[in-house]
Amino acid sequence: MTTIRSLSLNENVHSLCELPVLSGTTGPDVINVEALYKQTGMFTYDPGFTSTASCSSTITYIDGEAGILLYRGYPIEQLAEKCTFLEVCYLLLNGELPTTSEMFKFESTITIHTMVHDQLTNFFKGFRRDAHPMAIMVGVVGALSAFYHDALDIKSKNDRDISAIRLIAKVPTIVAMCHKYSTGLPFMYPQNKLSYVENFMRMMLGTPCDDFAPNPVLVRALDRILILHADHEQNASTSTVRLAGSSGANPYACITAGIACLWGAAHGGANEAVLNMLKEIGDVSHIPKYIAKAKDKNDPFRLMGFGHRVYKNHDPRAKLMRTTCHEVLTELGLHDNNLFKLALELERIALEDNYFIEKKLYPNVDFYSGIVFHALGIPSNMFTAMFAMGRTVGWIAHWAEMIADPDQKIGRPRQLYTGATKRDVPKNHNTSS
Ligand code: CMC
């Protein structure tokens with residue numbers, strides 16, 4: 001049983017203790033409560049982290065009310081238009097956009113690390129063919145620390161950099177392998193003459209029997225999708241990576257923790273759920289029934305791909321993803337496809353509905369990404385793995401930032417205990433008689 005009494009911050013906390021207020025370079029100030037428990041014997045309570053900054057960071061900034069997303073200060077719109085995904089990776093990892101020579105070196109280094117240890121292919125064979133690709137991702141990415149333990153000293157910047165490169169380079173190869181394994185097709189080796197995205201598309205969609213000529217419009221679209229997924233400050237999976245890493249766990253184990261968290265339908269699993277939902281709705285005439293279900297408090301159904309914890313105006317990634325979606329559909333001549341027509345109609349109806357307007361529920365990045373992935377020929381059970389591929393750099397950048405911080409401590413939240421108070425095991429307790 002939880003007892004509630006109220007405490008006015010102004011009147012009461014100040015009489016109990018002095019709490020410093022910290023300012024960042026932009027965004028809301030934070031009250032530093034580190035000394036609160038020592039001074040008052042009380043914890044703060046914020047289970048969904050709705051008012052809690054879990055760390056300080058220099059990587060990504062979001063203003064949810066204004067629909068702003070900045071990577072290292074650069075607006076996502078400009079990065080999506082002017083940069084490649086690998087340039088954005090460099091930016092996230094190093095804080096600055098690369099010069100031409102820095103980019104050449106970075107891209108070459110990534111390219112030579114795209115192959116995975118050949119023995120890793122045996123590892124796949126332990127999985128059922130019908131396993132969900134995210135289940136395989138969790139297992140295989142986790143196993144990387146058993147293959148690349150030559151550079152696992154997290155205190156060494158050189159080792160951290162090598163692990164970052166290996167993860168960014170190898171995750172696309174593993175994602176494509178997960179798909180090939182589940183469809184019974186042979187694994188494709190990477191080809192060093194191809195760009196990062198071309199290479200992935202060939203490994204994912206090509207076969208050894210045919211030449212694969214990537215369509216430049218689709219390559220650019222996928223590159224942009226990866227940019228849009230690359231980082232999103234302290235979201236659930238990134239916070240999971242940080243928490244796992246705070247104990248000193250190796251980077252592959254930490255990124256695996258992030259992948260596991262991403263899998264959930266409220267997070268990265270939403271893109272797959274969007275497509276499943278569209279298939280379930282089936283026809284434009286059924287949309288009102290599903291809108292009514294989404295609004296019904298007694299029905300667990302939610303409109304997947306709508307709403308966001310932080311964005312309460314619009315998701316800037318969704319706006320860019322919508323444009324990309326139209327570019328891809330036009331390129332592939334798919335505008336008349338039923339599923340796509342259904343998605344656009346659902347979007348239109350929801351955006352005009354008072355429930356969604358009042359609760360500030362807008363389409364998020366996952367609403368459109370599922371449609372684009374589907375158009376690209378990527379099966380829906382691979383969608384969240386695609387998200388993981390883009391987010392790997394964000395996870396590793398946050399992990400590296402945390403490890404490099406000299407004041408870093410193990411993350412150890414406290415709790416509001418509501419269980420039984422101290423009691424004795426009954427004297428006559430004996431289950432074996
Ligand atoms: N459909 C119908 N109602 C919704 C939806 C939705 N998609 N999202 C939120 N609501 C309602 C919710 O029922 C609640 O109503 P009330 O105030 O009457 O109780 C209100 O809006 C606030 O929702 P919440 O669950 O308290 O908000 P949250 O910030 O905890 O959750 C969310 C955010 C993204 C988990 C949620 O909006 C949701 O479940 N959306 C669908 C899943 C989805 O698309 N997830 C992808 C998020 S973007 C990519 C990523 O970051 O991974």
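Buried denotes under 20% relative accessible area, exposed over 50%, and partly exposed the range in between, with a 1.4 Å probe and protein chains only. Strands (E, at least two residues) and helices (H or I, at least four) are DSSP runs numbered from the N terminus.

The model on display is predicted: local features need pLDDT of at least 70, side-chain atom pairs count only at pLDDT 80 or more, and totals for chains, interfaces and linings use all residues. Residues are numbered from 1 along each chain as its sequence is written, and side-chain values use heavy atoms, with hydrogens and water left out.

**The sheet**

Two strands count as paired if DSSP finds at least two bridges between them. Thr60 has Tyr71 as its bridge partner in E4, and Asp63 stands opposite Ile68. In the hairpin between these strands, which has 4 residues between them, Gly67 takes a positive phi near 70°.

Next, display the whole open sheet, whose 3 strands follow the order E3-E4-E5 with antiparallel pairing. E3 and strand E5 (74–75) stand at the edges with a single partner strand each, so one side of each is left without a neighbour in the sheet.

**The ligand**

At Ala266, a polar backbone atom is 3.2 Å from a nitrogen atom of the ligand. At Gly305, a polar backbone atom is 2.8 Å from a ligand oxygen atom. At Asn364, an N or O atom of the side chain is 2.9 Å from an oxygen atom of the ligand. The protein covers 75% of the 940 Å² of accessible area that the ligand has on its own; such areas come from the Shrake-Rupley method with a 1.4 Å probe.

**Salt bridges**

A salt bridge is a side-chain nitrogen of Lys or Arg within 4 Å of a carboxyl oxygen of Asp or Glu, and by this rule the count is 13. Select Glu401 and Arg242, whose closest N and O atoms are 2.6 Å apart. Glu401 lies in helix H19 (residues 383–404) and Arg242 in helix H11 (residues 236–245), so the pair ties together parts that are 159 residues apart in sequence. Both Glu401 and Arg242 are buried.

Asp130 and Arg128 form another salt bridge, at 2.8 Å from N to O, and both residues are exposed. Arg317 and Asp315 meet at 2.9 Å, N to O; Arg317 and Asp315 are buried. A network of salt bridges links Glu345, Arg348 and Glu352.

**Final stop**

Finish at Met134 in helix H7 (residues 133–147). Met134 is buried, with a relative accessible area of 0%. Select Asn381 as well: Met134 and Asn381 are 247 residues apart in sequence and 8.1 Å apart in space, C-alpha to C-alpha.

How values were computed: Polar contact = N/O pair within 3.5 Å; in protein donor to acceptor, adjacent residues only side chain to side chain.
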